Amino acid sequence: MFNRRQFLYLAGAGAASLLNMNGFPFTKAAMAASKNTEFSPDVELSLRATPSEVQIFPGQPTTVWQYTGQVIKGDPNGLMHLDQSYLGPIIRVRQHQKVRIHFKNDLPATSIIHWHGLHVPASMDGHPKDVIPTGETFTYEFEVLNRAGTYWYHPHPHGRTGHQVYGGLAGLFLISDAEEEKLNLPADQLDIPLVLQDRAFNRDNQLVYLPRGMHDSMTGMLGDSICVNGRPDFKLAVSTRAYRLRILNGSNSRIYKLAWSDGTPLTVIATDGGLLEKPVEKKYAVLGPAERIELWADFSQYPVGKSLELVSKYFEPAIQGRAMGPRRGMTGAETLPNGAPFSVLKINVATKETETRSLPQKLSAIERYQRQDADNAEHPRQFSFFMRHMRGLINGRTFRMQEVADDERIRLNSTELWELANDDRRMGMMMPMPHPVHLHGKQFQVIERRGALHSGYVDEGWKDTVLLMPGERARIVTNFTDYKGLFLYHCHILEHGDMGMMRNYLIT
Ligand SMILES: [Cu+2]
C-alpha cells in the first residue's frame, strides 16, 4: 500500500519535506474579482474547488475533489500545499489580519466554504443557503478575530457536505498571534499538521462512499483505510527534538482514542480554539469528528532508530459495524467499526539533534466561565439530539434552510448556558450513535460533562465541537458577541448533518 518512492521521500528527507511550499504568482483573473473598496485586505487568496486526480496507490490514480489555491496578496508562505495529498492548501494567517478569499466553484455541484471554528460575520460563515453553482465565485472578507490555533475549512452544502468532504474537500486554517509567539513553540519543520481521515477505496483505487446506503448514513461513513494528510500508511521521520503536532479529526464520522504505543502519556497543549492555560497530560485523548488537539511531542529521550506509533485504542463501540458483515463487493476488507483499535501513524526517530526548547508551563490566559456567568444560568437552553425514522433531529425538528424556532433566538451580547444532550438512547434507538455537536460562529467552554470516555476529553480550553456519546450530556457556556445573523449548530457526523441533524440559531 505504501509505495517505495513515498517511503524513501519521507524517511530520507525528514518532516520538513512533507510540506511543499507553493507561492503562486499573482493572477489577473482572481484580482479582477475584488471590487469592494472599503475593505482593504492584508491577505488575499483564491481557492478553487475542482475534480482532480491524486496518486495515492501504485497504479490507477484516485479521482478526488480538491481545493487548490493561490496567494494574490500577502506572505507567499500563507498557503502551503501538502505533497501528494487530496487535501486543500494550509492557510496561515495572523490574528487581526483582514482576509479576502475568492472561492471559485469548479465542481459539477453547488458548494460553499465554511471556516470551521472562526468567529466571522454570518454572511461570511458559509451557510448552506449561500451555496454557489458551478462556475461562480463567492468572495469572503473578514477580519481574523480568533486566537492562535488550528482551525479548518470545508464545504457546507446541505445534504451534500458528507459527500464533498469525503471526496477530498478540506484544509487547515492556522492562526498565529502575539501570545503564542512569545512561547517560542516548535515551528516550521517542527510544527507538523496531521489531518486524520478514514476512507474506503475499491480495487481500482477509487473512493467508495456510502456503499451500504442508509446503513452507512445512519452510522456515518466509516472507511477501513486510515489516512493522515491524505496518505494511508503515513510515516513520519523525526529527530531527537520536541515537535508541535496539530491533529485534526477530519473524518466524516470516526472517533479516535489517541495514545502513544509505548504508554507515554500524551501532552496536550491546545484544543479546538487554541492553546490551553497549561499543558495537560492524558493517558489517551478522544477526538470526535471536527475536533482538534495539539500535542507537545518530545522525542529527545529516544535513541536514533526507535520506532513509535500513534494509535487509536479500543473503546466500547457505539456502532456495531462488524455485526453488519463485510463490505460487499468493495475492498474485501471488513469495515473498521468505530471503537476498533488501529495504528494511526508510524514515527521513526531518524536523526540526532540537540533539543533547545522546554515545554512552557504556562501557555495562555483563559478566563474560565462558571455556570453563574450565564444570563440564563437557572434556565439553560436545552437541545436534544436524536435520530428517528432515518432523520436527524434536534429537539424533534429537522433542518429547514431559513427556519428558526423560538428557542433558537439569541440576544446579541448575551452569555448563555446551553445543555446539549445525545438522547438516542432515551428515544430507543436500536443503534445509539455518537453526536459531536458543533456551533458555528463561536468558541465555547464545556463546563460540565459526564460520559464513558470522560477521561479522554480535553475540556480545559476553548471548543467549537463537543462529542456526545450515546446518553451523554454536556453543558457549555459562550457569549454571543459582535455579529448578528443566522448561524448553524449541528451534528458533525457529516451524514447526520446531511440527514437533517442541523438547525439555525439567530442572533438579534
Ligand atoms: Cu450525529
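The legends below describe close-up views of a predicted model.

Residue numbers start from 1 in each chain and follow the sequence as written. In this predicted model, local features need pLDDT of at least 70 and side-chain atom pairs count only at pLDDT 80 or more, whereas totals for chains, interfaces and linings use all residues.

**View 1. Overall content of the protein.** The protein has six helices and 32 strands; helices (H or I, at least four residues) and strands (E, at least two) are DSSP runs, numbered from the N terminus. Of its 508 residues, 49% are buried. A residue counts as buried with 20 or more other C-beta atoms within 10 Å of its own, as exposed with 12 or fewer, and as partly exposed in between, the C-beta atoms being placed from the backbone. Among contacts between residues at least 6 apart in sequence, 79% join residues at least 24 apart; two residues are in contact if their C-beta atoms, placed from the backbone, lie within 7 Å.

**View 2. The seven-stranded open sheet.** The strand order is E13-E12-E11-E15-E20-E17-E18, with mixed pairing. Its edge strands are E13 (231-232) and E18 (274-282), each of which pairs on one side only. Two strands pair if DSSP finds at least two bridges between them.

**View 3. Strand E11 and its two partners.** Eight of the nine residues of E11 are buried, and the strand is mostly covered. E11 pairs with E15 (residues 242-249) in the parallel sense over six bridges, and with E12 (residues 225-228) in the antiparallel sense over four. Leu196 has a bridge partner in each: Asn249 in E15 and Val228 in E12.

**View 4. Strand E20 between E15 and E17.** Six of the seven residues of E20 (residues 292-298) are buried, so this strand is largely enclosed by the rest of the structure. Seven bridges join E15 to E20 in the antiparallel sense, while E17 (residues 266-271) and E20, also antiparallel, share two. Glu294 of E20 is the bridge partner of Arg246 and of Ala270.

**View 5. Val268 in the largest nonpolar core.** This core holds 126 residues, of which Val268, Leu295, Phe385 and Leu420 touch the most other members. A nonpolar core is a set of buried Ala, Val, Leu, Ile, Met, Phe, Trp, Tyr and Cys residues joined through C-beta atoms within 7 Å. Val268 stands opposite Leu295 in E20. Leaving aside neighbours within four places in sequence, the contacts of Val268 are Leu276, Pro279, Val280, Lys282, Ala285, Ile293, Leu295 and Val458.

**View 6. Leu210 in a loop.** Leu210 lies in the loop between strand E11 (191-199) and helix H5 (214-219). With 17 other C-beta atoms within 10 Å, Leu210 is partly exposed. Not counting residues up to four places away in sequence, Leu210 touches Asp216, Ser217 and Met221. The C-alpha atoms of Leu210 and Met221 are 6.1 Å apart, and the two residues are eleven positions apart along the chain.

**View 7. The five-stranded open sheet.** The order here is E25-E32-E31-E27-E29, and the pairing is mixed. E25 (409-410) and E29 (465-468) stand at the edges with a single partner strand each, so one side of each has no neighbour in the sheet. E27 (residues 435-439) and E29 pair in the antiparallel sense over four bridges. The bridge partner of His435 in E29 is Leu468.
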